[in-house]
Amino acid sequence: MKKSIIMVGGGGFCKSVIDVAEDAGYHILGVLDLPEEVGKDILSYKVIGTDDDIPNYVGKAAFVVTVGHIKDSALRRKIYKKIKDAGGEVETVIAKDAYVSPYAKVGEGSLIMHKAMLSADVAIGVCTIINSLVNVSHDAKIGDFCHISTCASVNGGCIVDDDTFLGSQSVLNQGVKIMGGGIIASLSVVNKDITEKGIYAGSPAKLIKPI
């Protein structure tokens, strides 16, 4: 049995992380969520308080940020900061069936979900989500507070800056660079650098809306 953890943030993504954490052998003490959710169940676990209760659990458990990220990463950043300001430890959770090369680096608080693959010399930043069946190829760099959604492919040498969302089954061609803070829609193919923050979609991906 690994260390005890507390999930911070309820909802659907929390359920996905619970599934990964249980399979990886963690002991889950409960979930911190909104005041109106206290006492309710998320799968087999109680909502035991709100994020204002984080200081009460410092030293008793590590914390996992289980709020999702589609439009922006602001709430994930806020929760991470609250944990760190309280002196808490933010756990990095890696699914048992994920492959992480011994030559890859994964930042604090990041979540590597079922059957993700991180190849040699990949670098993942702080509190980033690498969702199920994502492939990150050799020498790719993904920044802090990103969400690489299900079945996305980040090919060799790509650079994805902080706070970026890549939708399901999106593809980054070899060596492209993505400016931080943007959104790449599902099924998009990025074949050249993105230097303007915005929402991109299509194959090849084109700017739909500046942010």
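The largest pocket is lined by Val8, Gly9, Gly10, Leu32, Asp33, Leu34, Pro35, Thr50, Asp51, Val67, Leu75 and Ile79. A pocket here is an open set of points on a 1 Å grid over the protein atoms alone, with protein on both sides within 12 Å along at least five of seven lines, and lining residues have an atom within 4 Å of a point. The space in this pocket comes to about 160 Å³, where a volume is the space filled by probe spheres set on the points, and grid points are joined across faces, edges and corners. Sorted by class, its lining has seven nonpolar, three polar and two charged residues; Ala, Val, Leu, Ile, Met, Phe, Trp, Tyr, Cys and Pro count as nonpolar, Asp, Glu, Lys and Arg as charged, and the others, Gly among them, as polar. The model is a predicted one, with local features needing pLDDT of at least 70 and side-chain atom pairs counting only at pLDDT 80 or more, while totals for chains, interfaces and linings use all residues. Residues are numbered from 1 along each chain as its sequence is written, and side-chain values use heavy atoms, with hydrogens and water left out.

Next comes the sheet. Eight strands make up an open sheet with mixed pairing, in the order β6-β9-β12-β15-β18-β21-β23-β24. At its edges stand β6 (93-94) and β24 (206-210), each with a single partner strand, so one side of each has no neighbour in the sheet. Strands are DSSP runs of E, at least two residues long, numbered from the N terminus, and two of them pair if DSSP finds at least two bridges between them. Strands of a sheet pair through backbone hydrogen bonds, either parallel or antiparallel.

Both kinds of pairing turn up. Strands β12 (residues 129-130) and β15 (residues 147-148) run parallel and are joined by two bridges, with isoleucine 129 having histidine 147 as its bridge partner in β15. Strand β23 (residues 198-201), in contrast, pairs with β24 in the antiparallel sense over four bridges, and here isoleucine 199 sits opposite lysine 209 of β24. The two form a hairpin with four residues between them, and glycine 202 in the turn has a positive phi of about 105°. Of the five residues of β24, zero are buried, so this strand lies largely in the open; buried means under 20% relative accessible area, exposed over 50%, and partly exposed in between, with a 1.4 Å probe and protein chains only.

Back at β15, serine 149 sits in the loop between this strand and β16 (153-154). Serine 149 is buried, with a relative accessible area of 8%. Apart from neighbours within four places in sequence, serine 149 is in contact (heavy atoms within 4.5 Å) with Asn131, Val134, Phe165, Leu166, Gly167 and Ser168.

As for disulfides (pairs of cysteine sulfur atoms within 2.5 Å), the structure holds zero. Cysteine 127 is in none, and the nearest cysteine sulfur, that of cysteine 146, is 11 Å away. Cysteine 127 is buried at 0% relative accessible area, and cysteine 146 also counts as buried, at 0%.

Finally, there is one cavity of 30 Å³ or more, a cavity being a set of points where a 1.4 Å probe fits but cannot get out. The largest cavity holds about 30 Å³ of space. Its lining has six nonpolar, three polar and two charged residues, including Thr164, Met179, Glu196 and Lys197. Strands β21 (183-184) and β23 each supply at least two residues of this lining.
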